[in-house]
Amino acid sequence: MDIKIREVDRDESLAVLQKSVSIPSSFSFSTPSKATKSALSADGFIKENSLVNEIVRRVDETTLNSLETGSAPRMAKEIQSLFQPGKMNLTIFNMTMDEFPQRHLMRTFAQHLYASSDKVILLPAVKSSLFKEVRPDRKTPIWSEKKIAAYIAMMAKLIDDIRDVGNNKVFMGVVPLLPIKYARLIIALYLQRGVRCFAIDANTSDVIMHEVDLRAILSEINQGIPLSEAFIYANNLGFPRYEKNEARADDFLSLFAYVDVIGSTFKQRAIKKKTLSGAFLPRVKLFSEDNYSYQLVEHLPIRREKVEVRNQVTQLMESHYVRDLIGEEDLARYVGKKKAVDKTMLDKLGSIASDLRVK
């Protein structure tokens, strides 16, 4: 099965492309967009307008062992029940192990990954600590070439294990937000395997503040396949620290850095504030489409789950509004009106558009 990706229009001021993405007889949609979680699909607006449906599952060694002993059919069926017709269903396996699993467990997982995926197989996400090692002469863990090589080998074997049995689905390769020395090797693997869909896993980092790494990753993909012909999805996106209970929504601003679809932040920890008594109060973030910022709120008249639905709906609406503006209005002028977006940020986004030179 093949995926068709075609540029429809582009903005000349910011790094945003409108693309047509389709798998014949399965789904078709235009970017940019915002992915939504399957758990929120009961909301009427999300059910009607969401284009990318995320199903997130945590995987540890206990999970892998259970697949070996017969739980795979049940688990795959539970995931398949959450697929939505006419959408890009992405099953996201978040591997939480600190060590690489045994080879026989990963062979079994490869077939479970295939069975639990709809038309697109998204390779699993891993913890950033899996790429690092502790050395006696260093106070903090450092990037390990040996571990990154092991990771690349694991991804290669996952792809090959699936293909050896037979595959008619599209692969989406995960590219962790790593220094380009290491990310280049991962991207090279995917390009060698003919992959045209990429998932940038920011691991809750702010990719706009990690502009050098983001630009290098996008540039490396662009060298192998023009970004206008690739699909770029990004998840676990972070944002700056809060100042005066507000922060710029850099995760959403990633849409203006050649990201076609922004996903969920399933690795994100809860935001808390310490009180005078030493206790922690849960706080929630409320997205503002008028300002492109998050407000940090401690007391709301509605439940936290309602806030999450509201944020997803608002970002989905805004992303589609931006999509419809492409080619019709100067997006730099539009985005520049947002209170949280200053000239420095606008120039940074504009430089990504001008410097990458996407064909």
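**Close-up 1. Strand S12 and its neighbours in the predicted model.** In strand S13 (residues 197-201), Ile 200 is the bridge partner of Val 175; two strands pair if DSSP finds at least two bridges between them. S12 and S13 run parallel and are joined by 5 bridges. From S12 the chain passes through helix H5 (residues 180-192) to S13 in a right-handed β-α-β crossover; right-handed means that, with the strands pointing away from the viewer, the path from the first strand over the helix to the second runs clockwise. Helices (H or I, at least four residues) and strands (E, at least two) are DSSP runs, numbered from the N terminus. Strand S8 (residues 120-122) also runs parallel to S12, with 3 bridges, and Ile 121 stands opposite Phe 171.

This is a predicted model: local features need pLDDT of at least 70, side-chain atom pairs count only at pLDDT 80 or more, and totals for chains, interfaces and linings use all residues. Residues are numbered from 1 along each chain as its sequence is written, and side-chain values use heavy atoms, with hydrogens and water left out.

**Close-up 2. Burial of S12.** Because 7 of the 7 residues of S12 (residues 170-176) are buried, the strand is largely enclosed by the rest of the structure; buried means under 20% relative accessible area, exposed over 50%, partly exposed in between (1.4 Å probe, protein chains only). One side carries Val 170, Met 172, Val 174 and Pro 176, the other Phe 171, Gly 173 and Val 175.

**Close-up 3. The ring pair Phe 93 and Phe 109.** The structure holds 12 aromatic pairs, counted for rings of Phe, Tyr and Trp (its six-membered ring) with centres within 6.5 Å; planes under 30 degrees apart count as stacked, over 60 as edge-to-face and the rest as tilted. The centres of Phe 93 and Phe 109 are 5.3 Å apart and the planes stand at 80°, so this pair is edge-to-face. Phe 93 belongs to strand S7 (residues 88-95) and Phe 109 to helix H3 (residues 103-115), so the pair ties together parts 16 residues apart in sequence. Both Phe 93 and Phe 109 are buried.

**Close-up 4. Lys 285 and Tyr 294.** The charged end of Lys 285 sits over the ring of Tyr 294, 4.3 Å from its centre; the criterion is NZ of Lys or CZ of Arg within 6 Å of the ring centre and within 35 degrees of the ring normal. Lys 285 has Leu 296 in S20 as its bridge partner. S19 and strand S20 (residues 293-297) run antiparallel, joined by 5 bridges.
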